[in-house]
Amino acid sequence: MKTLMIVSALVLLTEFAEAQKLKEAEVPIAVKEGFKLAYPGIKAKEWEKEGDKYEAEFDLKKTETSAVFSTDGKLLETESEIALALLPKTVSEYVSKNYPGHKITEASKITETGTGKVYYEAEITKGKDETDLVFDENGTFLQKEENHAPNDND
């Protein structure tokens, strides 16, 4: 059962690897209403769609944040940028051991709405190569996400 939950969460996380950018007018009303209910008074800077899910990017208390919604407007997860120092220690140990010469350049905390389950994402770079690594709440490596070019506005 635990494995099934982890696999389900990873599928949800990886669905946004190549999201399609949308104009706000293209976002379903139910999704926009769900966003407005979850984040009253906040304006989405950007909308993306991957599969049947929608992601709003916005600033929340000066923190870069994104929220993922189902087509019916249900909040599924929230991802917030965090200071590198807030990553579990095992994340930097894993990167040093498995990705020599790479540096952690960005970190995020991902929280599933329904379960409260927490994941961490560490963006690592070496030269022009960027890779996202996903870890569980204890800092145990879960998966590597597709490489992407720097500054591709993903």
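Predicted model: local features only at pLDDT ≥ 70, side-chain atom pairs only at ≥ 80, totals over all residues.
Q: Hi! What's the mean pLDDT of the protein chain?
A: The mean is 87, and 82% of the residues reach 70 or more.

Q: And where is confidence lowest, and where is it highest?
A: Helix α1, residues 2-14, is lowest with a mean of 46, while helix α2, residues 29-38, is highest at 98. Over residues 3-17 the pLDDT is below 50, and that stretch has 23 contacts in the model beyond near neighbours in sequence. The pLDDT is also below 50 over residues 149-154, a stretch with ten such contacts.

Q: Which element gives the most to its lining?
A: That's α2, with five residues. The lining includes Glu24, Ile29, Lys32, Tyr39 and Trp47.

Q: How do the lining residues of that second largest pocket divide by type?
A: Six are nonpolar, five are charged and one is polar.

Q: Okay, on to Thr65. Where is it?
A: Thr65 sits in strand β4, which covers residues 63-69.

Q: Is Thr65 buried or exposed, and why?
A: Buried, because its relative accessibility is 3% and the cut-off for buried is under 20%.

Q: What lies 2.9 Å from a polar atom of the Thr65 side chain?
A: The backbone oxygen of Thr63.

Q: Which residues does Thr65 touch, leaving out those up to four places away in sequence?
A: Thr65 touches Ala56, Glu57, Phe58 and Leu60, plus Thr78, Glu79 and Ser80.

Key
Residues numbered from 1 in each chain as written. Heavy atoms only, no water. Helix = DSSP H or I, 4+ residues; strand = E, 2+ residues; numbered from the N terminus. Buried < 20%, exposed > 50% of the residue type's maximum accessible area, 1.4 Å probe, protein only. Polar contact = N/O pair within 3.5 Å; in protein donor to acceptor, adjacent residues only side chain to side chain. Contact = heavy atoms within 4.5 Å. pLDDT = per-residue confidence, 0-100. 1 Å grid on protein atoms, 1.4 Å probe; cavity = no way out; pocket = protein on both sides within 12 Å on 5 of 7 lines; lining within 4 Å. Nonpolar A, V, L, I, M, F, W, Y, C, P; charged D, E, K, R; others polar.
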